[in-house]
Amino acid sequence: LPSLMLVQWTMSWIDSKPVFLSDVVPSKGQTRGYVIFFFNKKGFRERRSCSNFQKMDILRVVAIVIAGLPGCFASLGDTSYSFVTCLQTCETTKCRGTGLVHFNSDQPFHMNLLGWDCLAECKYDCMWETVQMFEQTGRDVPQFYGKWPFVRVLGAQEPASVVFSILNGLAHLIMVGVFRSRVPNEAPHYWTIHIYAVVAVNAWLWSTVFHTRDLLWTERLDYFCATSIIIFQLFHCFRRCIGGLWKSMLFGAVLLRVFVGHVYYLAAVKFDYGYNMKVMVFLAGVNSVLWLALVVKNRRQPHMWKCGATVVLVNLLALLELGDFPPIWWTFDGHALWHAGTAPVVVLWYSFLIDDCKQLLRQTQLKKS
């Protein structure tokens, strides 16, 4: 709405009516400039090259483009009048001169360590002021910079997701210890599962860091490490189903190439959230299908139900990610609940891995005897 009001006001000011902005093509016979089509006051289509533009034409185009930018890169909350004016006032009074000196001296060490500088604090305070204003006027709670508002705890932006990410990492650490105590090191896939545990703990570590402080580099590492878990599970499933050292090495090299290419594209070319989501869903779907195929093939083995139950539960819990709702008590959103649900599933998964490795070891010993 503010963008549309700006367009309307600007157009009335320059007394013009641009309604055709999509036909922007290179101007023929010119080395510079473009051709833009407009409707003039008589309703006829005009074509003017940039080299012959009048000042009002340039203002007209710039006003439309600038007015449309907030809707492309921001959310309703951080583009609202209440938030913008609050942020401007806060920056002026707190983040300059003596105000900034007082802020730096009063800011706790752990908040500085987590990157809560003056501007970040202003955004946090103005976010809650804007939320209060929206609620008082009977409007829905808005998002800010693409995220719901969360209550900050000890500097952590999303405290529930932080706690549940830690629980998931601890679950992997504890259960790989249980695995080591119950499975002999000569069992098939013994070291593969150890590497899997390292990959998983690393991923949950960066999930914890990201939910503690949402910054560009923490977001990237969280996304990349989450992909690494699925990639390695695909490798593990291939080894379990097909086996063979050289086949596993070849398939592992292919998966490594896919992972490196995916990370390179997101990090160096374009960080596309839609593309990343499609890749993650595809890899997770293939991973689930392959593990379920293993369950069906070996359904007579008594421990296989644990594998099937884990795959089904993880996919059901993933539906919580579709719940785009304001956080309950400003703490628990769909993503946090998804993390909460996956922690106990880790125990069931390692229980399957322990039984499966023991079963494969018995089969190997029988063949040798």
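Is Cys-118 buried or exposed in this predicted model? At 5% relative accessibility, Cys-118 comes out as buried, and the views below start with the set of cysteine pairs to which this residue belongs.

**View 1. Three disulfides turn up in the whole structure.** Count the bonded cysteines along the protein chain and the pairing reads 1-6, 2-5, 3-4. As a reminder, a disulfide is a covalent bond between the sulfur atoms of two cysteines. The next three views take the pairs one by one.

**View 2. Cys-86 and Cys-126 are joined by a disulfide.** Their sulfurs sit 2.1 Å from each other. This pair links distant parts of the chain, with Cys-86 in helix H3 (residues 81–94) and Cys-126 in helix H6 (residues 118–136), 40 residues apart. The S-S torsion of Cys-86 and Cys-126 is about -80 degrees, so this disulfide is left-handed. As for burial, Cys-86 counts as buried at 12% relative accessibility, and Cys-126 counts as buried at 1%.

**View 3. A disulfide also joins Cys-90 to Cys-122.** Here the S to S distance is 2.0 Å. Once again distant parts of the chain are linked: Cys-90 belongs to helix H3 and Cys-122 to helix H6, and the two are 32 residues apart. Look at the torsion about the S-S bond of Cys-90 and Cys-122 and you get about -75 degrees, so the bond is left-handed. Both Cys-90 and Cys-122 are buried.

View 4. Cys-95 lies in the loop between H3 and helix H4 (97–106), while Cys-118 is in helix H6, so the bond ties together parts that are 23 residues apart in sequence. With a torsion of about -95 degrees about the S-S bond, the disulfide of Cys-95 and Cys-118 is left-handed. Cys-95 has a relative accessible area of 18%. Why does that make Cys-95 buried? The cut-off for buried is under 20% relative accessible area, so Cys-95 at 18% falls on the buried side.

**View 5. Cys-241 is in no disulfide.** For Cys-241, the nearest cysteine sulfur is that of Cys-237, and it is 3.8 Å away. Cys-241 is partly exposed, at 35% relative accessible area. One more cysteine to look up while you're here is Cys-225, which is buried with a relative accessible area of 9%.

**View 6. His-303 is tucked into a loop between two helices and is buried.** The loop runs between helix H11 (273–297) and helix H12 (304–318). The relative accessible area of His-303 is 7%, so this residue counts as buried. What does His-303 touch, leaving aside residues up to four places away in sequence? Its contacts are Phe-352, Asp-355, Asp-356 and Gln-359.

**View 7. A nonpolar patch on the surface includes Ile-174.** The patch is formed by Val-163, Ile-166, Leu-167, Leu-170, Leu-173 and Ile-174. Together these residues have about 520 Å² of accessible area. You'll find Ile-174 in helix H7 (residues 159–182). With a relative accessible area of 54%, Ile-174 is exposed, since the cut-off for exposed is over 50%.

Terms used. Residues numbered from 1 in each chain as written. Predicted model: local features only at pLDDT ≥ 70, side-chain atom pairs only at ≥ 80, totals over all residues. Heavy atoms only, no water. Helix = DSSP H or I, 4+ residues; strand = E, 2+ residues; numbered from the N terminus. Buried < 20%, exposed > 50% of the residue type's maximum accessible area, 1.4 Å probe, protein only. Contact = heavy atoms within 4.5 Å. Patch = residues over 30% accessible without salt bridge, like charges linked within 9 Å, V, L, I, M, F, W, Y side chains within 5 Å. Areas by Shrake-Rupley, 256 points an atom, 1.4 Å probe, with all protein chains shown as cover. Salt bridge = Lys/Arg side-chain N within 4 Å of Asp/Glu carboxyl O. Disulfide = S-S within 2.5 Å.
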